[in-house]
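I opened the model and kept notes as I went. The entries follow in the order I made them.

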Amino acid sequence: MKRYGRITGWGKSVPARVLTNFDLEQMVDTSDEWIVTRTGIRERHVVGPGETTATMSLEACRKALEQARVSPEEVDLIIIATSTPDYLCPPVSSMVQDQLGATRAGAFTLVAGCTGFVYGLVTASQFIETGLYERVLVVGVETLSKAVDWTDRATCVLFGDGCGAVLVEASDTPTGILSCELGSDGSDWDALMAPGGGCVKPFSEEVLHNREHYLRMDGKRIFKFATRKMTEAVTNVVRASGLSWDDIDLIIPHQANARITDLAMRRLGVEPEKMMVNVERYGNTSAASIPLALCDALEEGRLQSGDHVVLIGFGAGLTWGAAVLHWQPESEVEELINVEDSPLLASLFKPVRNAVWSTQVAARARLQDMTMAAMTPIYRLQRRIMRK
Ligand code: UT7
């Protein structure tokens with residue numbers, strides 16, 4: 001039987017300390033007006049003493065498990081997407097695995113810039129669909145306040161700290177990722193980087209003096225890449241999902257700059273209420289921004305069971321990743337029982353809508369399997385002829 005990866009739990013963690021644009025005015029030559037008009041950002045959270053990538057991950061994972069009513073020992077794998085781990089070595093994922101008490105779980109850290117969470121979610125779903133694992137935690141987390149140069153106004157006003165986590169569980173009902181695209185264009189690798197502190201230029205007095213261990217960004221180059229890729233990748237995954245634009249209820253993009261999301265929205269012809277934007281509250285939190293926005297969308301009631309949501313990430317690498325998700329955190333049976341706060345209509349309509357959708361997806365999956373089965377001997381023959 002085909003298996004699907006269903007998101008059943010989610011949680012976020014942001015440091016209590018808030019740094020506003022007005023605070024930044026006291027630190028570098030900038031203004032609230034410049035930051036708001038060029039980026040949409042009004043404030044960001046930054047870690048205080050004792051707060052790290054691991055502590056934020058732990059809090060978000062605990063919330064996600066609690067929401068899903070799953071114990072840490074039941075988790076099979078933990079994937080942490082981050083560019084700002086506690087240490088270069090060991091992987092922060094193992095520290096979180098231990099502190100969480102996920103005694104049976106494997107763990108790894110994934111580095112794919114701001115696209116890391118989408119890469120992690122697709123990877124988790126694959127582990128579940130192949131039948132290897134039942135429950136995978138996917139975390140997007142950053143402590144960028146430790147990676148930016150607080151004397152460089154071109155970058156320090158943009159970034160923030162935070163974390164979002166989801167639990168993906170195996171399900172027999174068609175749900176989860178309907179289509180996805182993961183991409184990389186390494187020819188622009190130097191558009192967002194920390195030149196020093198790695199193996200090419202290990203940490204030294206010179207690196208410290210030139211402040212090369214901090215992030216540097218060619219903002220304009222990434223801006224052009226981001227607006228182009230957002231439009232292309234979202235169009236590709238919606239088309240591949242077999243859904244129409246009207247079926248898409250919400251787009252959750254990486255929150256780098258409100259101007260990027262605005263431009264992409266106009267190019268895609270999407271209404272503003274279908275685009276989730278919370279960059280004003282957190283700044284750019286890289287790998288954490290999509291799961292943070294997902295949690296906020298749920299808190300604000302902008303995402304309902306049965307909805308279709310598009311995730312789109314882009315960033316360092318340069319990388320991009322997009323996915324269309326069917327959002328259905330509870331099983332259909334649970335959903336039927338849990339709709340006490342909805343009117344009678346909802347309890348009648350939702351199961352019908354779910355059933356129609358499930359049949360559609362199951363039919364599409366069967367069709368793909370049949371096409372693959374029919375084409376495989378032809379591909380084999382073709383390869384044999386080419387080898388000769
Ligand atoms: O998440 C990873 C992906 N990252 C992104 O997606 C970021 C993409 N890029 C961007 O969002 C934008 O390019 C930025 C927000 C980074 C910059 O916006 P921009 O409109 O491209 O500004 P700019 O870099 O061209 O700078 C315009 C002016 C410059 O002054 P001059 O040369 O015109 O006199 C800058 O020196 O604004 C100046 N400037 C600032 N002024 C006040 C740059 N930073 C600041 C600042 N405050 N913080």
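Where does P90 lie? I found P90 in the loop between β4 (77-81) and α4; helices (H or I, at least four residues) and strands (E, at least two) are DSSP runs, numbered from the N terminus.

Before going on, I noted the terms of the model. The model is predicted, so that local features need pLDDT of at least 70 and side-chain atom pairs count only at pLDDT 80 or more, while totals for chains, interfaces and linings use all residues. Residues are numbered from 1 along each chain as its sequence is written.

Entry: backbone. I looked up the peptide bond from C89 to P90 and found it cis, with omega near 10°. The bond from G317 to L318 is also listed as cis, with omega near -5°. I placed L318 in the loop between β12 (307-315) and β13 (319-327). R211 is not a glycine, yet it has a positive phi of about 55°. I located R211 in the loop between α7 (205-209) and β10 (216-217).

Entry: ligand shell. I counted 20 residues around the ligand, the closest being T30, G219, A256, N257 and G315; a residue is near a molecule if its C-beta atom, placed from the backbone, lies within 6 Å of it. The elements giving two or more residues to this shell are α2 (32-39), α6 (153-156) and α8 (219-241). The largest share, five residues, comes from α8. By class I recorded 10 nonpolar, seven polar and three charged residues in the shell. Ala, Val, Leu, Ile, Met, Phe, Trp, Tyr, Cys and Pro count as nonpolar, Asp, Glu, Lys and Arg as charged, and the others, Gly among them, as polar. Domain 1 (4-179) and domain 2 (181-274 + 305-329 + 347-387) each give at least three residues to the shell; the domain bounds come from an automatic or database domain assignment.

Entry: α8 and α9. I followed α8 to helix α9 (residues 258-268): their axes come within 9 Å and cross at roughly 40°. Axes are lines fitted to C-alpha atoms, for helices over the stretch in contact, and angles run from 0 to 180 degrees between N-to-C directions. That makes α8 oblique to α9, since angles under 35 degrees count as roughly parallel, over 145 as roughly antiparallel, 65 to 115 as roughly perpendicular and the rest as oblique. I listed F223, A226, T227, M230, T231 and V234 of α8 against I260, L263, A264, R267 and L268 of α9; contact means C-beta atoms, placed from the backbone, within 7 Å. This contact divides into eight nonpolar, two polar and one charged residue.

Entry: α3 and α4. I then took helix α3 (residues 53-68) and helix α4 (residues 92-100), which pack at about 50° with their axes 9 Å apart. The two are therefore oblique to each other. The contact joins T53, A54, S57, L58 and C61 of α3 to V92, M95, V96, Q99 and L100 of α4. I recorded seven nonpolar, three polar and no charged residues there.

Key
Contact = placed C-beta atoms within 7 Å.
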